[in-house]
Amino acid sequence: MATTQKKKTAKKSTATKKTAPKGRAASSQKSKLSETVKREIWGIALIACAILIFIGVLNPQSGGAIGTTLSGFFIALAGKGAIAIPIFLAVWGVLIFMDKNNRRWDHQMTGLAIVFFVALTFFHISVPLTGFAAYLGDAAKGTGGGIFGAFFAWLLLSAFDRTWSIVILTALAV
């Protein structure tokens, strides 16, 4: 009788060991699949937002109360450069959707962001320098490079004259 009990115990432990790896592999596949689906949903959501923002920036009155408010927000932030914001969002959405998380894309997106802020500063550097609050107030109306451009232009024009500021911006753009 003692041998019968040992065989039953051995069979149970062997059966448990065989099913455990299958369970872990299945949960690993489910989490991997869910991560892929999450990434694709985020990519599609960013692309959809980019399209809506693009339409709103081109025609601020086309999106109702929410669309008008959002387009006004992006125009206040970036001024003439507001059209580039949905383009960046769309590129980012495509990269997330395609799972392009490598260093090369990170460096290129960082470089594009620097060029974007330099362009906004160029758009706003021709606006006459006034007090900081007045300078940002004009920018919030969508003139020049918006609030971002006004902030960086004010920093440069406060420390340097216009010629030096243009040289510094050109060096940053290159």
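Helices (H or I, at least four residues) and strands (E, at least two) are taken here as DSSP runs, numbered from the N terminus. The model is a predicted one, in which local features need pLDDT of at least 70 and side-chain atom pairs count only at pLDDT 80 or more, whereas totals for chains, interfaces and linings use all residues. Residues are numbered from 1 along each chain as its sequence is written, and side-chain values use heavy atoms, with hydrogens and water left out.

On this basis the chain holds seven helices and zero strands, and the order of its elements from the N terminus is α-α-α-α-α-α-α. Of the 174 residues in the chain, 24% are buried, where buried means under 20% relative accessible area, exposed means over 50%, and partly exposed covers the values in between (1.4 Å probe, protein chains only). The accessible surface of the chain amounts to about 11700 Å², and 71% of this surface belongs to carbon and sulfur atoms; such areas come from the Shrake-Rupley method with a 1.4 Å probe, and for residues only the protein chains shown count as cover. When contacts (heavy atoms within 4.5 Å) are taken between residues at least 6 apart in sequence, 64% of them join residues at least 24 apart.

The arrangement of helix α2 (residues 64-78) and helix α6 (residues 146-159) was examined through their axes, which come within 2 Å and cross at roughly 15°. The two helices are therefore roughly parallel, a term that applies to angles under 35 degrees, with angles over 145 counted as roughly antiparallel, 65 to 115 as roughly perpendicular and the rest as oblique. The axes are lines fitted to C-alpha atoms, for helices over the stretch in contact, and the angles run from 0 to 180 degrees between N-to-C directions. On the α2 side the residues that meet α6 are I75, A76, L77 and A78, and their counterparts in α6 are G146, I147 and F148. The residues of this contact divide into six nonpolar, one polar and no charged, with Ala, Val, Leu, Ile, Met, Phe, Trp, Tyr, Cys and Pro counted as nonpolar, Asp, Glu, Lys and Arg as charged, and the others, Gly among them, as polar.

Within helix α2, I75 is partly exposed, at 23% relative accessibility. With neighbours within four places in sequence left aside, I75 is in contact with V57, P60, A82, G142 and G146. The C-alpha atoms of I75 and G144 are separated by 10.0 Å, although these residues stand 69 residues apart along the chain.

Residue A150 is found in helix α6 and is buried, with a relative accessible area of 0%. Apart from neighbours within four places in sequence, A150 is in contact with H124, Y135, L136 and A139, and the C-alpha atoms of A150 and A140, which are 10 residues apart in sequence, lie 9.0 Å apart in space.

Helix α7 (residues 162-173) contains L169, which is buried with a relative accessible area of 2%. The contacts of L169, neighbours within four places in sequence being left aside, are with V118, T121, F122, I125 and L156. From L169 to A153, 16 residues apart in sequence, the C-alpha to C-alpha distance is 9.6 Å.

A search of the whole structure finds nine aromatic pairs. Rings of Phe, Tyr and Trp (its six-membered ring) pair if their centres lie within 6.5 Å, and planes under 30 degrees apart count as stacked, over 60 as edge-to-face and the rest as tilted. The rings of F73 and F74 form an edge-to-face pair, because their centres are 5.3 Å apart and their planes stand at 70°; F73 is partly exposed, with a relative accessible area of 46%, while F74 is buried, at 13%. The pair of F88 and F116 is also edge-to-face, with 5.3 Å centre to centre and 80° between the planes. Since F88 lies in helix α3 (residues 84-97) and F116 in helix α4, this pair ties together parts that are 28 residues apart in sequence. F88 counts as partly exposed at 22% relative accessibility, and F116 as buried at 12%. Ring pairs link F88 and F116 with F117, F132, F148, F151, F152 and W154 into a cluster.
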